[in-house]
Amino acid sequence: MTTPTRRLTVAQALVQFLSVQYTERDGVPHRLIAGTWGIFGHGNVAGLGQALLEAGEDTMPFHQGRNEQAMVHAAVGYARQLDRLSAQAVTTSIGPGATNLVTGAALATINRLPVLLLPGDYFATRAADPLLQQLEHPVEADLSVNDTLRPVSRYFDRITRPEALIPAALNAMRVLADPVETGAVTLALPQDVQAEAYDWPEEFFADRVWHVRRPAPDAFELAEAVEAIRSAERPLIVAGGGIHHSRAEEALKALVDATGIPVASTQAGKGSLRHDHPADLGGIGHTGTAVSDDIARAADLIIGVGTRYTDFTTASNTLFQNPVVRFVNLNITAFDAHKLAASTLVADAKSGLEALTSSLEGHRVDPAYEAEYRAGKESWERVVDIAFTAPDENAVPTQTQLLGALDAVVGDDDVVINAAGSLPGDLHKLWRARSPRQYHLEYGYSCMGYEIPAGIGVQQAAPDVAVWSLVGDGTYLMMPTEIVTAVQEGLPVNLVLIQNHGYASIGGLSESVGGERFGTAYRYRAADGTFSGDPLPVDLAANAASLGMDVLRPKTVRELREALATARASDRPTCVYVETDIATPTAPPAEAWWDVPVAETASRASAVQARQEYDRQVVDRRRHL
């Protein structure tokens, strides 16, 4: 019997294959690779470029990018908005285009978010050697710059023969759709192989559905977790991003409503409960709320759900101070479930929370504990009100007053995006998340430049939702290029651009660790050679306008609120440019420590004093064994 075949190039076959891959969870199908971002060069223009042109938009939508790293960020924003059930591919040429993918790939893998990377590669036949942009290694001739993607990819393969695409493509889809394994997946494609024809079996192009499983908890682990919760007097749930990925928000609410156990959220988990739920204590850790961190210090049981326990969450292992504290970790990934010597509950977040609720029927925390954390929550809400409110509507806004103005304008389903600088701390402490997807903080990698391209990806995934990318001037200067893409595609992303003349967050950190804000301000050199002269005369609003955005320049709190409302109502990409008051601090201080080692010996007084404070704080660090 002759197997039907279809003669296509490797690139054409890959595009056709990707167009018929689907995920399915809870009976609902989703297209796995919903589109491809690309910048073309000699390494992919005649292969994947030609294949995408020939396939057409109906088969594989194409998105034109301006920066390779930014294309990955856009794809990551897209995948996160859709709970990892749909993703995008990114293709580049070999050389600088491929190496520009590395930062975005690391961000995707660290945040457990799927993206498919398709960089070109050198000739498999070595017909042209050395190739333009080729890295010639003297003892490893098979090495290419694409090998820099190996440590930041969850799966990597180089397709040196046409027939090798079949197992590689199937493995790539397996990893992208796997809630445990997902992250960046790289298929390096030599440019000669991309253009080579092959007789492909027709079944390679049949619709294929990848089931996204919801593993239930093991009976023994469930019983152990239930016993730990029933015996705890001061339990606390730490909600991580896995709750959102699993769409387990309602399951969490059901458990909390039944048991009264309070919830504190990581940056990725914020919004797991609405901000006005009586058990929602807000952010936890170094950028957490006072009530969350106070409850965490005294908690005798921490129930981590879908969290990686980064140093910001644990306050560099100084937060959980109760001598008898124990941990129960519900996580679909065993690697994360075992952290902090926890009792593990390796399961899907939704399945695990539902099982806990059922098994804990009739159990509730002591009313005095509920009263305690609710009083702490009410006290913190007054702190938020003060930070958000401007005593003078005609004054220049502070950063937290800007957030208050935004809070007054956004709708419940709007998405607020941020990643780096001082904003993540203010947002984690203060933002009142009203829906599961509203709070979109990339803090696994805290990558400057993420916000604008991620806003594009989120807008593609949710075209009817208002999207806000919040950036400082330092972040803006890293990667404003995809503004052009937003304009080209008619995506009405709102950019809130905050001008504070430098790296405000790192400047503050530098001061606290004895660095005296060295190298963090955007200023002219003074007579002594330091960067302490006048602010640089840059006009970032003019730059955004030159890239095609509508630009609003509010000067006061009142004008800011009006400008934000105008931006939200617009159907065009709009920038709200704000010079904030940095001389009047309105953000609450950190409620927990963060370990940034300080010079052990120094001659400058600032560093000596900072080391004394460091030595005082570090004694609280403990290992949970």
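Modeller: One definition comes before the questions: a residue is buried under 20% relative accessible area, exposed over 50%, and partly exposed in between (1.4 Å probe, protein chains only). This is a predicted model, in which local features need pLDDT of at least 70 and side-chain atom pairs count only at pLDDT 80 or more, while totals for chains, interfaces and linings use all residues. Residues are numbered from 1 along each chain as its sequence is written, and side-chain values use heavy atoms, with hydrogens and water left out.

Biologist: What radius of gyration does the protein have, and what would a compact globule have?
Modeller: The radius is taken over C-alpha atoms, and the globule rule is 2.2 Å times the number of residues to the power 0.38. The C-alpha trace spans about 75 × 70 × 55 Å along its principal axes. For 625 residues the rule gives a radius near 25 Å, and the protein agrees because its own value is 25 Å.

Biologist: What percentage of the contacts between residues at least 6 apart in sequence join residues at least 24 apart?
Modeller: The protein has 24 helices and 23 strands; helices (H or I, at least four residues) and strands (E, at least two) are DSSP runs, numbered from the N terminus. Of its 625 residues, 57% count as buried. Contact means heavy atoms within 4.5 Å. Among contacts between residues at least 6 apart, the share joining residues at least 24 apart is 76%.

Biologist: How many residues of helix α18 are buried?
Modeller: Helix α18 covers residues 451-461 and is mostly covered. Its buried residues include E451, Q459 and Q460, as well as I452, I456 and V458. The count of buried residues in α18 is eleven of eleven.

Biologist: In the open sheet of three strands, what is the strand order?
Modeller: Two strands pair if DSSP finds at least two bridges between them. The pairing in this sheet is mixed, and the order is β3-β2-β11. The edge strands, each pairing on one side only, are β3 (28-31) and β11 (208-211). From one strand to the next the twist averages 35°, and the order asked for is β3-β2-β11.

Biologist: Which helix packs on that sheet?
Modeller: Axes are lines fitted to C-alpha atoms, for helices over the stretch in contact, and angles run from 0 to 180 degrees between N-to-C directions. The helix touches β2 and β11, and its direction makes about 40° with that of β11. The helix is α6, residues 165-177.

Biologist: Which residue in the hairpin of β2 and β3 takes a positive phi?
Modeller: Strand β2 (residues 21-25) runs antiparallel to β3 and is joined to β3 by four bridges. Y22 stands opposite R31 in β3. The hairpin has two residues between the strands, and the residue with a positive phi, near 55°, is D26.

Biologist: Is H277 buried or exposed?
Modeller: H277 is found in the loop between β13 (263-265) and β14 (280-283). Leaving aside neighbours within four places in sequence, H277 is in contact with K253, V256, D257 and K377. Its relative accessible area is 11%, so H277 counts as buried.

Biologist: How many residues apart are R437 and E249?
Modeller: A salt bridge is a side-chain nitrogen of Lys or Arg within 4 Å of a carboxyl oxygen of Asp or Glu, and the whole structure holds 37 of them. The side chains of R437 and E249 meet in one at 3.0 Å, N to O. R437 lies in the loop between α17 (423-430) and β19 (439-441), and E249 in helix α10 (residues 249-259), so that the pair links distant parts of the chain; the separation is 188 residues.

Biologist: Is K350 buried or partly exposed?
Modeller: The side chains of K350 and E354 form a salt bridge at 3.0 Å, N to O. They are about one helical turn apart because four residues separate them in helix α14 (residues 349-359). E354 has 41% relative accessibility. K350 has a relative accessible area of 24%, and therefore counts as partly exposed.
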